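Please read them alongside the sequence and the coordinates.

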Amino acid sequence: MKSLFVCLLLALAGQSLAQSQDEFVEYLLEIQSQAESVHQLMEGTFDNVRFSMSDELVELNRQLISRMNEALEEVEQIREDTEAFVGESSAPASCVDVAVANWAVEIEGVGQALSRCASRANIQITSRTADVHAALEAAQVQSTELQNIVVRGFIDWNAIDYTERISEIVGAQIQDKYDYFQRITQPNLERVLQGIFDLDDNLLPEIVTCVNRGVERFNNYGRVIRDTLFFCSQ
């Protein structure tokens with residue numbers, strides 16, 4: 001790969017035959033090494049952000065799905081218990097009709113309530129994930145520009161009086177990119193990634209509470225039906 005890179009940049013530079021190829025290649029490899037070190041640091045950081053986000057979201061979604069499945073099972077059990085109680089009740093038919101008049105509406109309502117909880121979770125997860133992807137996309141531009149600095153430096157090489165200045169000029173530009181990465185890019189990536197981590201502390205309890213309220217409301221309505229029929233049967 002190094003040999004291919006060297007040959008490419010030599011062709012771009014239009015190096016004259018009178019100049020020392022060995023000297024040119026020495027500075028070329030020095031600059032390439034500087035750029036490659038910074039490039040690897042950037043790409044390693046990007047990969048870590050992606051992996052960390054993926055691991056966090058997998059665990060978060062596992063917990064959310066688990067609680068939602070439990071809630072659906074609880075709702076189904078409440079429905080079965082309530083309808084069984086109604087079927088076995090000795091209360092007058094008129095009382096039964098009044099007690100269960102809105103039962104179908106309540107069944108549909110608890111389903112909608114749980115759906116809204118899931119939608120709320122999805123909106124927040126999607127938003128935080130989009131923030132990370134946007135930050136990574138912007139950071140990737142910096143990585144590409146870093147690689148272009150080396151190529152552009154050698155395209156303009158014939159305008160430079162001394163070969164040594166290539167290392168100085170291009171090296172300074174590489175350092176600028178590295179400084180920008182440390183001051184701006186990396187902190188921004190850490191900030192948006194923290195937004196993903198915060199979902200475990202903020203979103204998870206919020207959605208669990210949302211789900212619990214939906215189940216509790218449905219259970220309370222089932223209890224009202226049972227209490228009403230018990231009273232009517234006395």
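1. Among contacts (heavy atoms within 4.5 Å) in the chain between residues at least 6 apart in sequence, 88% join residues at least 24 apart. This is a predicted model, in which local features need pLDDT of at least 70 and side-chain atom pairs count only at pLDDT 80 or more, while totals for chains, interfaces and linings use all residues. Residues are numbered from 1 along each chain as its sequence is written, and side-chain values use heavy atoms, with hydrogens and water left out.

2. The secondary structure comprises six helices and zero strands, where helices are DSSP runs of H or I with at least four residues and strands are runs of E with at least two, numbered from the N terminus. Of the 234 residues, 35% count as buried, that is, under 20% relative accessible area with a 1.4 Å probe and protein chains only.

3. R67 belongs to helix 2 (residues 21–88), and it counts as buried because its relative accessibility is 14%. Its side chain makes a polar contact of 2.6 Å with the side chain of N212; such a contact is a pair of N or O atoms within 3.5 Å, and within protein one must be able to donate a hydrogen and the other to accept it, with residues adjacent in sequence counting only if both atoms are side-chain atoms. Leaving aside neighbours within four places in sequence, R67 is in contact with E74, V208, V211 and N212.

Technical notes:
Buried means under 20% relative accessible area, exposed over 50%, partly exposed in between (1.4 Å probe, protein chains only).
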